[in-house]
Amino acid sequence: MMPRLRQIPLLRALLTALPLLAQGATPTCPAASDLEPAMLVGTWQVEWTDGARQRGEAPWTLVLGPHPQYAGSLKGHLSRDSERHLVVADWDDETLTLEESEDGQRIAATWQATATEGQCGRAFQGLRFTGSEPDASARRFRMRATPQR
């Protein structure tokens, strides 16, 4: 019985230290509030989820990397078949905002998305807006990270 009594102070010390150790650990499944732009670097598949989706419409591929001029921002491209559009993106206040350009000069569409709960920052859903008028058309989309190879 004596050896067990000696283990109790050690057990208490370990239990006291666990919260301190956990503070420095990176969560295995980050919540939206824990996401950082670097976690969004990679290749994503984008699909329309609205009722206007056409049968057989191919998904877009979105490739994001660090922006070479603006720390904390992202830059990349959207592609589908022979189409390729430039994209810049920011992650602020738990919202991913992308600006799409067909010619590299003007914004053709703005995308806004939030992380899908329980998907560890690997899936987002949102709206793509074209035009700046109040009645601008919008389409619902879903984007998912493609598996790393």
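What pattern does the chain follow, read along the sequence? The chain follows α-β-β-β-β-β-β-β-β, with one helix and eight strands. Helices (H or I, at least four residues) and strands (E, at least two) are DSSP runs, numbered from the N terminus.

This is a predicted model, in which local features need pLDDT of at least 70 and side-chain atom pairs count only at pLDDT 80 or more, while totals for chains, interfaces and linings use all residues. Residues are numbered from 1 along each chain as its sequence is written, and side-chain values use heavy atoms, with hydrogens and water left out.

**Barrel**

The eight strands close into a barrel in the order S1-S2-S3-S4-S5-S6-S7-S8, with antiparallel pairing. From one strand to the next, the twist averages 30 degrees; axes here are lines fitted to C-alpha atoms, for helices over the stretch in contact, and angles run from 0 to 180 degrees between N-to-C directions. Two strands count as paired if DSSP finds at least two bridges between them. In general, strands of a sheet pair through backbone hydrogen bonds, either parallel or antiparallel.

| Strand pair | Bridges |
|---|---|
| S3 (residues 73–80) and S4 | eight bridges |
| S4 and S5 | seven bridges |
| S5 and S6 (residues 109–115) | five bridges |

Within these pairs, Gly-76 stands opposite Val-87 in S4, Leu-86 opposite Ser-101 in S5, and Leu-98 opposite Trp-111 in S6. S4 and S5 form a hairpin with two residues between them. In that turn, Asp-93 has a positive phi of about 50 degrees.

**Largest pocket**

A pocket is defined on a 1 Å grid over the protein atoms alone, as an open set of points with protein on both sides within 12 Å along at least five of seven lines; a cavity, by contrast, is a set where a 1.4 Å probe fits but cannot get out, and lining residues have an atom within 4 Å of a point. The largest pocket holds about 180 Å³ of space, where grid points are joined across faces, edges and corners and the volume is the space filled by probe spheres set on the points.

Its lining consists of Lys-75, Leu-86, Val-87, Val-88, Glu-99, Glu-100, Ser-101, Gly-104, Gln-105, Arg-106 and Ile-107. Strands S4 (83–92) and S5 (95–101) each supply at least two of the lining residues. By class, the lining has four nonpolar, three polar and four charged residues; Ala, Val, Leu, Ile, Met, Phe, Trp, Tyr, Cys and Pro count as nonpolar, Asp, Glu, Lys and Arg as charged, and the others, Gly among them, as polar.

**Exposure and loops**

Of the 149 residues in the chain, 26% are buried (under 20% relative accessible area, with exposed over 50% and partly exposed in between; 1.4 Å probe, protein chains only). Asp-81, in the loop between S3 and S4, is exposed at a relative accessible area of 74%. Although not a glycine, Asp-81 has a positive phi of about 50 degrees. Cys-120, in the loop between S6 and S7 (123–129), also has a positive phi, near 60 degrees, and is partly exposed at 27% relative accessibility.

**Contacts**

Contact means heavy atoms within 4.5 Å. Among contacts between residues at least 6 apart in sequence, 32% join residues at least 24 apart. Gln-125 lies in strand S7 and is partly exposed, with a relative accessible area of 44%. Not counting residues up to four places away in sequence, Gln-125 touches Gln-112, Ala-113, Thr-114, Thr-116, Phe-141 and Arg-142. Gln-125 and Ala-113 are twelve residues apart in sequence and 5.1 Å apart in space, C-alpha to C-alpha.
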